[in-house]
Amino acid sequence: SSAASDVYKRQGKADVDIDIGNILKGENAVVLMELKNRTDSGGTAGRREIWTKKFRTILEIFARDEKIFSDGRKEYTLYEILKLFKIRQIELYVGILFNVDGTPSTKDGDRLQGFYSSNVEGFNDILRFISSHPAIFRIAKKDEENLKIVVSYRDIKIAVSYTHLTLPTN
């Protein structure tokens, strides 16, 4: 809503847009995904900026514990809003759908004809940011090979990861 974003804009900050999102009520989770159609879409800078600008901004909002939402009577931090709606987990994904040849994307396809190295740079930026705030974020799981990190912020779990389209097998 405009009231929600007005608080953040008054602070001179821009909103963070994400391609798709969903609330998993049964798991008390919010899943957000920045989607790329093919391994060669997004460019090196665009792919890296998903991590360094979009996902890192969300982590910075947690770290600063700043008020970013308003219902017209009270202003809330992101953490307070999540608690209000009983959300205990946030998952942030960079999702790649297809290789250049139209087959379901793979890490190897991204390495050969895509921008995988930009994902590695972005992941390392997120890792440095989290590691530089040990009093705020506690690393629960770190998988550098698959570019996935799970951290705790108070009692909220935050997962940041790189993923591919997975088709069901017959």
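K54 and E34 form a salt bridge (a side-chain nitrogen of Lys or Arg within 4 Å of a carboxyl oxygen of Asp or Glu), with their closest N and O atoms 3.2 Å apart. K54 lies in helix α2 (residues 43-64) and E34 in strand β2 (residues 29-38), so the pair ties together parts that are 20 residues apart in sequence. Helices (H or I, at least four residues) and strands (E, at least two) are DSSP runs, numbered from the N terminus. K54 is partly exposed, at 23% relative accessibility. E34 is buried, at 5%. Here buried means under 20% relative accessible area and exposed means over 50%, with partly exposed in between (1.4 Å probe, protein chains only).

The model is predicted: local features need pLDDT of at least 70, side-chain atom pairs count only at pLDDT 80 or more, and totals for chains, interfaces and linings use all residues. Residues are numbered from 1 along each chain as its sequence is written, and side-chain values use heavy atoms, with hydrogens and water left out.

The structure holds 17 salt bridges. One of them joins R64 to E60, with the closest N and O atoms 3.9 Å apart. Both residues lie in α2, 4 residues apart, about one turn of the helix. An α-helix has 3.6 residues a turn, so residues three or four places apart point the same way. R64 is partly exposed, with a relative accessible area of 41%.

Another salt bridge links K83 and D155, whose closest N and O atoms are 2.6 Å apart. K83 belongs to helix α3 (residues 78-84), and D155 to the loop between β7 (148-153) and β8 (156-164), so this pair ties together parts that are 72 residues apart in sequence. K83 is partly exposed, with a relative accessible area of 34%. D155 is also partly exposed, at 40%. Shared partners join R56, E60, R64, E66, D125 and R128 into one network of salt bridges.

Helix α2 has 22 residues and should span 32 Å at 1.5 Å a residue. The expected span is 1.5 Å times one less than the number of residues. The end C-alpha atoms of α2 are 30 Å apart, which agrees. The helix has a kink of about 40°, centred on E49. The bend at a residue is the angle between axes fitted to the seven residues ending there and the seven starting there. Buried residues of α2 include R47, I50, W51, F55 and E60. Just after α2, D65 takes a positive phi of about 50°.

An open sheet of 6 strands runs in the order β1-β2-β5-β8-β7-β6, with mixed pairing. Two strands pair if DSSP finds at least two bridges between them. The edge strands, β1 (20-24) and β6 (137-143), each pair on one side only. Neighbouring strands of the sheet are turned by 15° against each other on average, direction ignored. Axes are lines fitted to C-alpha atoms, for helices over the stretch in contact, and angles run from 0 to 180 degrees between N-to-C directions. Strands β7 and β8 run antiparallel and are joined by 6 bridges. I149 has V160 in β8 as its bridge partner.

Helix α2 packs on this sheet and touches β2, β5 (89-98), β6, β7 and β8. Contact means heavy atoms within 4.5 Å. The direction of α2 makes about 175° with that of β5. Helix α5 (residues 116-131) also packs on the sheet, touching β5, β6, β7 and β8. Its direction makes about 150° with that of β6.
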